[in-house]
Amino acid sequence: MKKIKIIALALAISLVGALFVSCGGKKAAQDVIRISISSEPDAFFPWKAASSDSKAIIYNIYDSLTFFDADGKIIPQIAKNWSVSEDGLVYTFNLERGIKFHDGSALTEKDVLYTYKNMAGLDGYTVKNDSMTIVSSVESPEAGVVVITLKSPSSEFVNLCATCPVVKDGATADDPIIGSGPYKFVSYDIHNKVVLERNDEYWNNARKGKIKTAELYVMTNESATLSALSSNQIDVAQLITPGTAKAMSSNFTLVNTPQNMVQILAMNNLVKPFDDIRVRKAISMAVNKKEIIAGVMDSSATELYSNFSPIMKSYYNDELKNVNPYDPDRAKVLLAEAGYPKGFEMTITVPSNYQAHMDTAQVIVNNLAQIGIKAKIEGIEWTTWLSRVYTQKDYETSVIAFGGKLEPSNILRRYYSTYKRNFVNYKNPAFDKAFDEAFSALTQEEQTAKYKECQKYLAEDAPAVFICDPNNAVLTQKNVKGYVCYPVVFYDLSSYYFE
């Protein structure tokens, strides 16, 4: 039945594509690449952006002190090299010369000082990045050199620098978007598209763009996205349902890879009955992750047991599989012990533009019905989800996926008691202690052990149902080459070219 539906969808899309062509649809010009993005960007200034799609675009507009390659390895960028003191507290960065912002002004140590003082909340600035509060001082002893001193050691600091773009001295979120990256910001037509243009004066030959203009179209409906791909209205269709992508792969190039993402059923731990660990564990045992992976992800996903993907191999705790196994009968017992022998009613709030999350929520509704819980799905717009669920924490449960991070701390920090983005409202002093010890560890061995301990607490306390790491299914036109998958969400426009 499932295969018939996929084939029917593919045929329907082909017919719609034919209609697009007959009405004047054109193939993308060779100096313009058109890419779909599945959610509305919330900002293009680094300190204001919260969504993964926004950050994925920002990495093209701005440069950072360090950067990352496709394997997650940290590489030089604005900083051509760096050194670390023996106590792990002092980082000395030597900057590249000749880097210019898009307005022609030189990028110097002054811009780095302004950026990092803002992020860390130094010299009277408000904190722009909670992860950077570990910084105690930022200084420049001479031109082209920046010295950053930490409050406590952190072996992840250069990883953190890779995702913290450098902005112009004095820049604010209200100013024009001016970075130093391989592409310049041109315009944003809300609900429609973002336009970027190649920076022909870009300093780094290895990351110079090959295509002049990039247009990123906000396309929240998968059928419409595939119709646009079929009619040559776009060149790259991202985050496609894996089964549908496979059915379409004969006409397009398919890329299907793990993406260091964690899909969860978030539970608001401060809202009854989810403040009771027995209820949370019952829900975890009632959700059939294998059914979600097989039915929604077309078996293109990795089952998870904590908020960590095995793609981060060296930090992954592989001993959590049996902490909350699928067991509806045991789930019923836990519900009864918690005072809900007949279950209860609950709402699953889902950003409706993510079809995979909507479909996952439907499977969860069916799973929970088996233990007496009556769940209903509330589909809302992405911007509303960011405001109401993620920021205001006004919800009961929600299906969402956390984008990948280069630093284990930024993956697990989401559950730290006082972290403002801890939207599940999880609080466990033991988790916080293990996290602090991992973050300040001087050796890789100690750091790894403590991060594995953090994962153990998450599995045992079940602040969310940790479902899977969904593969990233992307379809491109046959003549589009150069797509690169990263361990973080990043639309690397400089890598694309037309064959």
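Two strands are said to pair if DSSP finds at least two bridges between them. Helices (H or I, at least four residues) and strands (E, at least two) are DSSP runs, numbered from the N terminus. By these terms, 5 bridges join strand 4 to strand 5, and the two run antiparallel.

The structure is a predicted model, in which local features need pLDDT of at least 70, side-chain atom pairs count only at pLDDT 80 or more, and totals for chains, interfaces and linings use all residues. Residues are numbered from 1 along each chain as its sequence is written, and side-chain values use heavy atoms, with hydrogens and water left out.

**Chain as a whole**

The secondary structure of the chain comes to 14 helices and 21 strands. The radius of gyration is 23 Å, close to the 23 Å that the globule rule gives for 499 residues, so the chain is as compact as a globular protein of that length. That radius is taken over C-alpha atoms, and the globule rule is 2.2 Å times the number of residues to the power 0.38. The C-alpha trace spans about 70 × 65 × 35 Å along its principal axes.

Of the 499 residues, 57% count as buried; buried means under 20% relative accessible area, exposed over 50%, and partly exposed in between (1.4 Å probe, protein chains only). The accessible surface comes to about 20300 Å², and 51% of it belongs to carbon and sulfur atoms. Accessible areas come from the Shrake-Rupley method with a 1.4 Å probe; for residues, only the protein chains shown count as cover. Among contacts with a separation of 6 or more, residues 24 or more positions apart account for 70%. Contact means heavy atoms within 4.5 Å.

Axes are lines fitted to C-alpha atoms, for helices over the stretch in contact, and angles run from 0 to 180 degrees between N-to-C directions.

Strand 4 and strand 5 make a hairpin with 5 residues between the strands, where Gly-88 takes a positive phi near 75 degrees. Strand 5 (residues 90-95) is also joined to strand 7 (residues 145-150) by 5 bridges. In a regular strand the side chains alternate between the two faces of the sheet. Strand 5 has a covered face of Tyr-91, Phe-93 and Leu-95, and an uncovered one of Val-90, Thr-92 and Asn-94.

An open sheet of 6 strands has the order 14-18-13-17-15-16, and its pairing is mixed. Strand 14 (301-303) and strand 16 (374-380) stand at the edges with a single partner strand each, so one side of each is left without a neighbour in the sheet. Neighbouring strands are turned by 25 degrees against each other on average, direction ignored. Helix 7 (residues 277-286) packs on this sheet and touches strand 13, strand 15 (345-351) and strand 18; its direction makes about 140 degrees with that of strand 13.

In strand 13 (residues 262-267), 6 of the 6 residues are buried, so the strand is largely enclosed by the rest of the structure. Val-262, Ile-264 and Ala-266 point one way from the strand, while Gln-263, Leu-265 and Met-267 point the other way. Ala-266 has Ser-398 as its bridge partner in strand 17 and stands opposite Ala-464 in strand 18. Gln-263 has Ala-401 as its partner in strand 17.

| Partner of strand 13 | Bridges and direction |
|---|---|
| Strand 17 (residues 397-402) | 6 bridges, antiparallel |
| Strand 18 (residues 464-470) | 4 bridges, antiparallel |

**A loop residue**

Ile-178 lies in the loop between helix 4 (157-162) and strand 8 (183-189). Ile-178 is partly exposed, with a relative accessible area of 23%. Leaving out residues up to four places away in sequence, Ile-178 touches Tyr-62, Phe-101, His-102, Asp-103 and Lys-168. Lys-168 is 10 residues from Ile-178 in sequence and 7.6 Å away in space, C-alpha to C-alpha.
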